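Here is a briefing on a structure with two chains, grouped by topic. Please have the sequence and the model at hand.

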Number of protein chains: 2
Amino acid sequence: MKTDKKLLWKDLDRRKLHSCRIFDLYEVKRLSPVGRERSFFLLDAPDWITVIPVLKNDEGTECFLMVEQFRHGSSKLTLEFPAGIVDKGESPEKAALRELKEETGYRAGKITALGTVSPNPAFMNNLTHTFAAFDLSFVSEQNLDDDEFIHFHLVPVATVEKEMGTGRYSNGVMMMALAFYNRWKMVQG
Amino acid sequence: MKTDKKLLWKDLDRRKLHSCRIFDLYEVKRLSPVGRERSFFLLDAPDWITVIPVLKNDEGTECFLMVEQFRHGSSKLTLEFPAGIVDKGESPEKAALRELKEETGYRAGKITALGTVSPNPAFMNNLTHTFAAFDLSFVSEQNLDDDEFIHFHLVPVATVEKEMGTGRYSNGVMMMALAFYNRWKMVQG
């Protein structure tokens, strides 16, 4: 599909309104396709990663390693794949391995990139990268910041597939990750 | 799974920093599970809807009706399902029917709720509701705000399934919607 110029806006100016640690709030002035000036509010944010750790439990059932934590936006406990922010100068893959280790104490022998998408192109400029992690071994305690409180659980893949997007599995970003995982699985055959 | 009190934070105080039309920025003070005070930045936002319009093209191929538009966060053109904000006092279903009509001129004879999830519980307090729309008829021109420029296209379902999360299909919120749709389809059999 060709780019339709009738849909494109032109950047005029931008101004930072607030620094919020995990993002900066900007007001951006743009010129519409028909030449009208408008302003929009945007979040300038670092890229994110989600890592789907795949391993068997003691009964030999294929599981995902999920983290349970309080989420400050929804004020709810969620069950999610380990996830976090890509540090400055860090590769998304390194960030995925680091977050996995910090949040669960597990090290991955193998990591596979599954896909990258904009978590919300309407008002965010960042990307979220999804990985799957295999050959997992528990190597150390969690390594959490002093405002992080995270439990982790092995949950059968079948349960996560069924429950994702409901109840505790209420983080939509994890639906993006699981969709990338399922497409990758299908391609593997 | 029972709620683990060791993971819960307690609200202390909140303060609005900025009104940004489609969300308000807040700073919230909370008490951690071990009694330390921390502040977090949150977006207070209205709920969103996404509506997946299902219809056949002239060749009888099952298609989704997709909208093409410039996204101000990513500064890119995207192909998405029609989507928008639930107005004050409006039901999510009404919002879905309204957005579909405004963005494409199509009216739905039948609409089905597919699921509701938090688009980002880490720093947003809102929910996004997904619907599928059927029995579609083109009843009028688009009805767009004067800063909206949207084209619409019939895209075969097979193409969207294959491309979602890549190229122009780069809005992660649409991956949430498609995941809800595919689960609903599977349950229908």
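In chain A, β1(A) and β2(A) run antiparallel and are joined by 8 bridges. Strands count as paired if DSSP finds at least two bridges between them. Strands (E, at least two residues) and helices (H or I, at least four) are DSSP runs, numbered from the N terminus.

This is a predicted model: local features need pLDDT of at least 70, side-chain atom pairs count only at pLDDT 80 or more, and totals for chains, interfaces and linings use all residues. Residues are numbered from 1 along each chain as its sequence is written, while chains are lettered from A and ligands numbered from 1 in the order in which they are written.

**Sheet in chain A**

**Hairpin in chain B**

- Strands β5 (residues 62-71) and β6 (residues 76-80) of chain B pair in the antiparallel sense over 5 bridges.
- Glu68(B) stands opposite Leu79(B) of β6(B).
- β5(B) and β6(B) form a hairpin, with 4 residues between them.
- Ser75(B), in the turn, has a positive phi of about 55°.

**Symmetry**

- Chain A superposes on chain B by a rotation of 180° with 0.0 Å of shift along the axis, at an RMSD of 0.0 Å.
- The two copies are thus related as by a two-fold rotation axis.
- The superposition is by least squares on C-alpha atoms of residues with pLDDT of at least 70 in both copies.
- Met176(A) comes closest to the rotation axis of the residues of chain A, at 3.0 Å (C-alpha).

**Interface**

- 57 residues of chain A contact 57 residues of chain B; contact means that C-beta atoms, placed from the backbone, lie within 7 Å.
- α3(A) gives the most to the side of chain A that touches chain B, with 7 residues.
- By class, that side has 28 nonpolar, 18 polar and 11 charged residues. Ala, Val, Leu, Ile, Met, Phe, Trp, Tyr, Cys and Pro count as nonpolar, Asp, Glu, Lys and Arg as charged, and the others, Gly among them, as polar.
- The copies meet through the same surface, because 100% of the interface residues of chain A are also interface residues in chain B.

Methods. Contact = placed C-beta atoms within 7 Å.
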